[in-house]
Amino acid sequence: MEFFKKTLDPVIALMAIAVLDIFLFLIVGAWTVGGGETMMTGLIAEVFMGDDLKRLPFWNLVFVPDAGYWKIYISLGMLFGAFVGAKLSNEFYLRFPRRMSEWLMITIGGLLMGVGIRLAFVCNVSTFFGLTPEMNLGGYLAISGIVAGAWVGSFIYKKILEG
């Protein structure tokens, strides 16, 4: 479909995201991705570990696995929407890193993102769409750190792959 091949004007895209974010915030609360993904991780861990998972304070006291947690479905909806959009624009393909160094960097980067989410107790999406519109200083500090981290990560990635 031609609609999915065109790039939206950034101003129009941001306005659409802002309007949708307002409705989402009014209906269910702040939009987050990290919470849903963390809950999915807990549910998967529960399948493999059973009651042993309750021995870990994080999964017993802080984030008790619950399949009814609505943010799981936001994450799955984003994944589904991205898949449908990519298929309809004929831009969907599977890509696998060719070098072991890429696999290693992807794994370390993913682990650092997961640790960062748990330490900050929020995710980057909720920080950007939840805290910064509220003029929360924590949101601006987090965004500054995310941008700096992305720049450093990109620099390291390019140095290792190209150097």
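**Questions on a predicted helical model**

Visitor: In which helix is the place of Leu 141?
Guide: The model is a predicted one. Among its elements, helix 8 spans residues 137–162. The place of Leu 141 is in helix 8.

Visitor: Is Leu 141 buried or exposed?
Guide: A residue counts as exposed when its relative accessible area is over 50%. Leu 141 has 55% relative accessibility, so Leu 141 counts as exposed.

Visitor: What distance separates the C-alpha atoms of Leu 141 and Val 33?
Guide: Along the chain, Leu 141 and Val 33 are 108 residues apart.

Visitor: How many helices and how many strands does the secondary structure of the protein come to?
Guide: Read from the N terminus, the elements run α-α-α-α-α-α-α-α. The C-alpha atoms fill a box of roughly 50 × 45 × 35 Å along the principal axes. The secondary structure comes to 8 helices and 0 strands.

Visitor: What percentage of the contacts with a separation of 6 or more is between residues 24 or more positions apart?
Guide: The protein has 163 residues, of which buried residues make up 22%. Among the contacts with a separation of 6 or more, the share from residues 24 or more positions apart is 62%.

Visitor: How are helix 6 and helix 8 oriented relative to each other?
Guide: Helix 6, residues 100–120, packs with helix 8 at an angle of about 165°, and the axes are 10 Å apart. Angles over 145 degrees count as roughly antiparallel. The angle therefore makes helix 6, relative to helix 8, roughly antiparallel.

Visitor: Is the crossing of helix 6 and helix 8 left-handed or right-handed, and which residues make the contact?
Guide: The crossing of the two helices is right-handed. Helix 6 contributes Ser 101, Glu 102 and Met 105 to the contact, and helix 8 contributes Tyr 157, Ile 160 and Leu 161. By class, the residues of this contact of helix 6 with helix 8 are 4 nonpolar, 1 polar and 1 charged. In answer, the crossing is right-handed, and the contact is made by Ser 101, Glu 102, Met 105, Tyr 157, Ile 160 and Leu 161.

Visitor: Why is helix 3 roughly perpendicular to helix 5?
Guide: Angles from 65 to 115 degrees count as roughly perpendicular. The axes of helix 3, residues 34–49, and helix 5 come within 7 Å. Helix 3 is roughly perpendicular to helix 5 because their axes cross at roughly 105°.

Visitor: Which residues of helix 5 make the contact with helix 3?
Guide: On the side of helix 3, the contact involves Gly 36, Glu 37, Met 39, Met 40 and Leu 43. The contact of helix 3 with helix 5 has 5 nonpolar, 2 polar and 2 charged residues. From helix 5 come Lys 71, Ile 72, Ser 75 and Leu 76.

Visitor: Is Lys 71 buried or exposed?
Guide: Lys 71 is found in helix 5. Leaving aside neighbours within four places in sequence, Lys 71 is in contact with Ala 30, Thr 32 and Gly 36. Buried means under 20% relative accessible area. Lys 71 is at 15% relative accessibility and so counts as buried.

Visitor: With which residues is Ser 89 in contact, leaving aside its neighbours within four places in sequence?
Guide: Ser 89 has its place in the loop between helix 5 and helix 6. Its relative accessible area is 4%, so Ser 89 is buried. Apart from neighbours within four places in sequence, Ser 89 is in contact with Phe 4 and Lys 5.

Visitor: Which helices are included in what covers the buried residues of helix 7?
Guide: In helix 7, residues 124–131, the buried residues are Val 125, Ser 126, Thr 127, Phe 129 and Gly 130. What covers them includes helix 2 and helix 8.

Visitor: How many aromatic pairs does a search of the whole structure find, and what geometry has the pair of Trp 59 and Phe 63?
Guide: The search of the whole structure finds 6 aromatic pairs. Trp 59 and Phe 63 form one of them, at 6.4 Å centre to centre with 85° between the planes. Both Trp 59 and Phe 63 are buried. The answer is thus 6 aromatic pairs, with Trp 59 and Phe 63 edge-to-face.

Visitor: What geometry has the pair of Phe 83 and Phe 92?
Guide: Phe 83 is partly exposed at 37% relative accessibility, and Phe 92 is partly exposed with a relative accessible area of 39%. Their ring centres are 5.0 Å apart and their planes are at 80°, so the pair is edge-to-face.

Definitions and conventions: Residues are numbered from 1 along each chain as its sequence is written. This is a predicted model: local features need pLDDT of at least 70, side-chain atom pairs count only at pLDDT 80 or more; totals for chains, interfaces and linings use all residues. Side-chain values use heavy atoms; hydrogens and water are left out. Buried means under 20% relative accessible area, exposed over 50%, partly exposed in between (1.4 Å probe, protein chains only). Helices (H or I, at least four residues) and strands (E, at least two) are DSSP runs, numbered from the N terminus. Contact means heavy atoms within 4.5 Å. Axes are lines fitted to C-alpha atoms, for helices over the stretch in contact, and angles run from 0 to 180 degrees between N-to-C directions. Angles under 35 degrees count as roughly parallel, over 145 as roughly antiparallel, 65 to 115 as roughly perpendicular and the rest as oblique. A crossing is left-handed if the near helix is turned anticlockwise from the far one by less than a right angle, and right-handed if clockwise. Ala, Val, Leu, Ile, Met, Phe, Trp, Tyr, Cys and Pro count as nonpolar, Asp, Glu, Lys and Arg as charged, and the others, Gly among them, as polar. Rings of Phe, Tyr and Trp (its six-membered ring) pair if their centres lie within 6.5 Å; planes under 30 degrees apart count as stacked, over 60 as edge-to-face and the rest as tilted.
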